[in-house]
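Hello,

Here is the structure we spoke about, with the sequence alongside. My notes on what was found in it follow below.

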Amino acid sequence: MTFNPGGLPVKYFSPSTIEEAVELLSSGPNRRVFAGATDVVPQMRSGRPAPDGLIDLKGIERLISVTDTGSMWVIGAAAPTVRLTSNPAFVASFPGLAEASGLIGSDQVQSRSSLGGNLCNSSPAADSVPALFANRARAVIASGAGTRTIAVQDVPTGPGRTSLAPGEFIIEFEIDRPTTNSGDAYFRLTPRTEMDIAVVGAGARVDLDGAGTISSATLALGAVAPTVVRVPDAEAALLGAALTNGAPSDDVLAAVAAAASAACNPIDDKRGTIKYRRHVAGVLARRSILAAIARASAA
Ligand SMILES: Cc1cc2nc3c(=O)[nH]c(=O)nc-3n(C[C@H](O)[C@H](O)[C@H](O)COP(=O)(O)OP(=O)(O)OC[C@H]3O[C@@H](n4cnc5c(N)ncnc54)[C@H](O)[C@@H]3O)c2cc1C
């Protein structure tokens, strides 16, 4: 079958197994997988080079499933993000990742958009990616050599580029179920309230120990560098911090904001200047950490 989104006929394949998709991906000179095509089709229509063939991953049951195994959540890389935002158990487990997924485009876009596409399109401003980083998600990758699992933060390498080798694609994401009181959050700033690209996005995850002290914290920022970035200095400032009235000390929060601003390597564009992005990164880092702490305290 062929279709014609950018004026060029493109072969369309719809495998029903991972093995078939692996075979199809290596059977042509320039084949690509896709899920919702909410990035692929607009890019082809705007004149980007068309692939020789497009392989639709949505016909493979495992790739569109969302499962709680008890020890972790397994999210099919091609599952429409509405399957996350409409799943009450998932939203209760990872409200921040659900919030981030629920910010992608519109209801129509979210009926198609996938976490695999959001990650592998490799936009620095992709909304779900800081939340995936914050939750220390893993990507399970398939190829003719079998499967391998890597940290999601090792996938994007630059705008539009990933570390995946030719012939590889992501099957699913794994996120461990928290074993202690835990909370996550995602905040973004956009000029418009919806259907816009983040000026800055901040994903946070905080785990508390039995005494209510922060036992681990992860902070990731989007739209401030060529890829989403972790902020290790902010994470270190939070580690071991005690909470008073549900918050770390002002000094710790100031250190988080300063570390977030310092971790940025942003561009000037019509959405914001470098100075503005650095400032907003500090503000959203602080807010996302406080929201994650509040959720962890209530868990
Ligand atoms: C109107 C509109 C509004 C949007 N708003 C937002 C927004 O607010 N925030 C945001 O983050 N994004 C937004 N987007 C972009 C897009 O919807 C998201 O990036 C979405 O998550 C992409 O998912 P997809 O399944 O449609 O990707 P696809 O278009 O199917 O694929 C995108 C890329 O990823 C690759 N890919 C897909 N799946 C895999 C896989 N399993 N393994 C390896 N590579 C893979 C494809 O080859 C392609 O290069 C918007 C898009 C539109 C059209």
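Strand E7 (residues 138-143) and E8 run antiparallel and are joined by six bridges. Within that pair, Ile 141 stands opposite Arg 148 in E8. Please keep in mind throughout that this is a predicted model.

Both strands belong to an open sheet of five strands, with the order E5-E6-E11-E7-E8 and antiparallel pairing. At the edges stand strand E5 (66-68) and strand E8 (146-151), each with a single partner strand, so one side of each has no neighbour in the sheet. On average, neighbouring strands of this sheet are turned by 20 degrees against each other, direction ignored.

A second open sheet has four strands in the order E12-E13-E14-E15, and the pairing is antiparallel here too. Strand E12 (181-189) and strand E15 (229-230) are the edge strands, each pairing on one side only. The antiparallel pairing of E12 with strand E13 (residues 200-208) extends over nine bridges, and Leu 189 stands opposite Val 200 in E13. Helix H11 (residues 274-298) packs on this sheet and touches E12, E13 and strand E14 (214-222). The direction of H11 makes about 150 degrees with that of E12.

Parallel pairing occurs as well. Strand E2 (residues 10-13) and strand E4 (residues 53-56) run parallel and are joined by three bridges; Lys 11 stands opposite Gly 53 in E4. E3 also pairs with E4 in the parallel sense, over four bridges, with Val 33 opposite Ile 55 in E4.

For the chain as a whole, there are eleven helices and 15 strands. The C-alpha atoms fill a box of roughly 60 × 45 × 35 Å along the principal axes. A compact globule of 299 residues would have a radius of gyration near 19 Å, and the chain agrees with this because its own value is 19 Å.

The domain assignment divides the chain into domain 1 (2-59), domain 2 (61-176) and domain 3 (181-298). The centres of domain 2 and domain 3, taken over C-alpha atoms, are separated by 20 Å. Between these two domains, 25 residues of domain 2 are in contact with 25 residues of domain 3. On the domain 2 side, helix H5 (95-101), helix H8 (128-134) and strand E9 (156-158) each supply at least two of the residues that touch domain 3. By class, that side of domain 2 has 15 nonpolar, seven polar and three charged residues.

Regards

Key:
Residues numbered from 1 in each chain as written. Predicted model: local features only at pLDDT ≥ 70, side-chain atom pairs only at ≥ 80, totals over all residues. Pairing = 2+ DSSP bridges. Contact = placed C-beta atoms within 7 Å. Axes fitted to C-alpha atoms, helices over the stretch in contact; angles between N-to-C directions. Rg over C-alpha atoms; globule rule 2.2 N^0.38 Å. Domains from an automatic or database assignment. Nonpolar A, V, L, I, M, F, W, Y, C, P; charged D, E, K, R; others polar.
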